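Here's a quick briefing for anyone meeting this structure for the first time. Have a look at the model, then read on.

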Amino acid sequence: MQDVLSLAAQNLLSPIVLFFVLGVGAALARSDLTIPEAVAKGISLYLLFAIGFKGGVAVSNNGIDLTLGMTLMAGVILSFVLPFIAFGLLRWISQLSRTDAAAVAGHYGSISIVTFVAATSVLQSSGIVAEGYMVAVAAAMEAPAIFSALLLVSSGGKGRMDGALIREILLNGSIVLLVGSFFIGWITGAEGMAKIEALIVSPFQGVLCLFLLDMGLVAGRGLKQGRAVLRPGPLVFGMLMPVIGSCLGLAFALIIGLSLGGAVLLMVLAASASYIAVPAAMRVALPEANPSVYLTLSLGVTFPFNLTLGIPLYLAMASAVHGG
């Protein structure tokens with residue numbers, strides 16, 4: 001427990017977390033601090049591009065093996081199964097409707113790429129190496145959870161799953177850029193990295209701080225608008241579900257034989273909640289679901305929990321079990 005608290009204290013004092021806290025505080029204090037929408041979108045595109053490209057280069061350097069295939073399969077299974085666990089837990093400890101519970105559950109099978117990046121940063125600062133292809137696992141975990149959410153409400157005759165929705169999910173801009181830059185990095189390898197290293201390596205942490213500032217502003221506004229959502233049941237769910245997901249992620253990592261860093265990243269992916277791809281899909285597929293419920297829980301509760309306490313907890317858990 002002392003190790004967890006020590007790691008949490010270190011993480012809380014990192015620039016990315018402090019900028020997130022600054023954003024939340026500014027929003028709650030009703031400051032006029034804002035990140036222009038065009039700038040925020042540009043930052044998001046930069047992060048996705050840099051993450052994908054570096055992951056592709058790592059795969060190019062290390063090569064493809066059975067472990068990669070098994071890890072991708074584990075990610076897809078986790079993304080598909082976790083919403084069913086989240087749905088059951090929500091229906092047990094909250095009074096959310098079936099539709100709202102399904103919409104929330106879908107967020108907890110998909111992933112938060114920023115939480116993934118924050119965990120990568122923590123590992124790097126701790127000198128822990130992780131498999132470079134974990135970014136490909138992150139991309140693979142975006143969509144399955146959306147189908148699970150629709151299956152959860154299909155028995156009630158609600159939800160829409162057709163060719164247009166499937167196409168919209170698979171061609172979501174975030175997924176296209178992440179996967180596309182991953183393959184470009186894979187094809188060009190170390191030679192390609194050498195040509196653009198000055199763009200995607202040195203500035204990365206600073207750009208990430210700006211993005212976390214914007215996320216803090218968004219989360220703070222969501223907390224103000226969604227106070228009615230933060231009843232004990234949903235609030236407990238928003239902090240308990242990530243821990244459940246991380247435990248399943250750790251189990252898969254041990255079965256596959258991932259390194260300590262890879263295990264932590266798979267735990268983080270299984271513990272995080274989407275606030276980009278899934279909300280966009282839910283607006284189309286389940287328009288009757290309440291956005292203030294699923295956005296407040298994913299961005300206002302689970303995201304801060306993972307960023308401040310979750311990542312150090314998952315690292316401590318993986319270190320204790322992994323022995324590394």
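Buried means under 20% relative accessible area, exposed over 50%, and partly exposed anything in between (1.4 Å probe, protein chains only). This is a predicted model, where local features need pLDDT of at least 70, side-chain atom pairs count only at pLDDT 80 or more, and totals for chains, interfaces and linings use all residues. Residues are numbered from 1 along each chain as its sequence is written, and side-chain values use heavy atoms, leaving out hydrogens and water.

**Aromatic rings**
- Rings of Phe, Tyr and Trp (its six-membered ring) pair if their centres lie within 6.5 Å; planes under 30 degrees apart are stacked, over 60 edge-to-face, and the rest tilted.
- That rule gives eight aromatic pairs.
- One of them is Phe182 with Phe183, edge-to-face at 5.7 Å centre to centre and 85 degrees between the planes.
- Phe182 also pairs with Trp186, this time tilted, at 6.3 Å and 55 degrees.
- Ring pairs tie Phe182, Phe183 and Trp186 into a cluster.

- Phe182 is buried, at 9% relative accessible area.
- Phe183 is partly exposed at 39%, and so is Trp186 at 32%.

**A charge over a ring**
- The charged end of Lys54 sits over the ring of Phe204, 3.9 Å from its centre.
- To count, NZ of Lys or CZ of Arg must be within 6 Å of the ring centre and within 35 degrees of the ring normal.
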